[in-house]
Amino acid sequence: MHEKRKSRRLTTNEESFLAKDDGQKTEVKLVDLSLGGMRVLLNEDLKIGTALLGEFNILPRIGPFYIKGEVVWNKPCQEKKHSYRVEVGIKFTRINTIPI
């Protein structure tokens with residue numbers, strides 16, 4: 001299988017929320033992230049192209065970072081160690097240290 005990732009991934013295990021354009025929030029578990037995007041687990045089947053906003057605090061000394069991104073892939077979750085049903089890839093369109 002050909003590797004499509006352009007950046008190294010940082011594995012993490014943070015639970016947070018993502019908000020859709022309509023302001024509706026959905027709980028997610030952040031699995032890994034890079035400079036270009038992230039992979040999350042959730043229970044809602046988000047369509048490809050869905051715009052999202054989020055806040056994450058994986059580097060405590062630096063403080064939270066804020067993202068704007070869009071869903072680029074989704075599939076049923078293969079892991080059975082948790083209750084999440086869907087795995088989603090999100091491409092960042094903007095990253096900032098102040099709220100977007």
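I call a residue buried under 20% relative accessible area, exposed over 50%, and partly exposed in between (1.4 Å probe, protein chains only). By that rule Glu44 is partly exposed, with a relative accessible area of 22%.

**Before starting**

This is a predicted model, in which local features need pLDDT of at least 70 and side-chain atom pairs count only at pLDDT 80 or more, while totals for chains, interfaces and linings use all residues. Residues are numbered from 1 along each chain as its sequence is written, and side-chain values use heavy atoms, with hydrogens and water left out.

**Entry: salt bridges**

I began with charges, since side chains of opposite charge can pair when their charged atoms come close. I took a salt bridge to be a side-chain nitrogen of Lys or Arg within 4 Å of a carboxyl oxygen of Asp or Glu. How many salt bridges does a search of the whole structure find? I got three.

Glu44 came up in this search, where its side chain meets that of Lys20 at 2.5 Å, N to O. Glu44 sits in the loop between β4 (37-42) and β5, and Lys20 in strand β2, so the pair ties together parts that are 24 residues apart in sequence. Lys20 is buried, at a relative accessible area of 16%.

Next I looked at Arg39. Its salt bridge with Asp32 has the closest N and O atoms 2.9 Å apart, and its salt bridge with Glu87 has them 2.7 Å apart. Glu87 belongs to strand β7 and Arg39 to strand β4, so this pair ties together parts that are 48 residues apart in sequence. Through shared partners, Asp32, Arg39 and Glu87 are joined into one network.

Are these residues buried or exposed? Arg39 is buried at 18%, Asp32 is buried at 4%, and Glu87 counts as buried at 8%.

**Entry: strands around β2**

Strands here are DSSP runs of E, at least two residues long, and helices are runs of H or I, at least four, numbered from the N terminus. Two strands pair if DSSP finds at least two bridges between them.

I followed β2 (residues 15-20) to β3 (residues 25-33): the two run antiparallel, joined by five bridges. Ser16 in this pairing stands opposite Val28 in β3. The two strands form a hairpin with four residues between them, and Gly23 in the turn has a positive phi of about 90°.

β2 also pairs with β5, in the antiparallel sense, over three bridges. There I found Ala19 opposite Leu53 in β5.

**Entry: a patch on the surface**

Patches join residues with over 30% relative accessible area and no salt bridge: like charges within 9 Å, nonpolar side chains (Val, Leu, Ile, Met, Phe, Trp, Tyr) within 5 Å. Accessible areas come from the Shrake-Rupley method with a 1.4 Å probe, and for residues only the protein chains shown count as cover.

Which residues form a nonpolar patch on the surface? I noted Leu10, Leu59 and Ile62, with about 290 Å² of accessible area together. Ile62 lies in the loop between β5 (51-56) and β6 (65-76), and it is exposed, with a relative accessible area of 63%.
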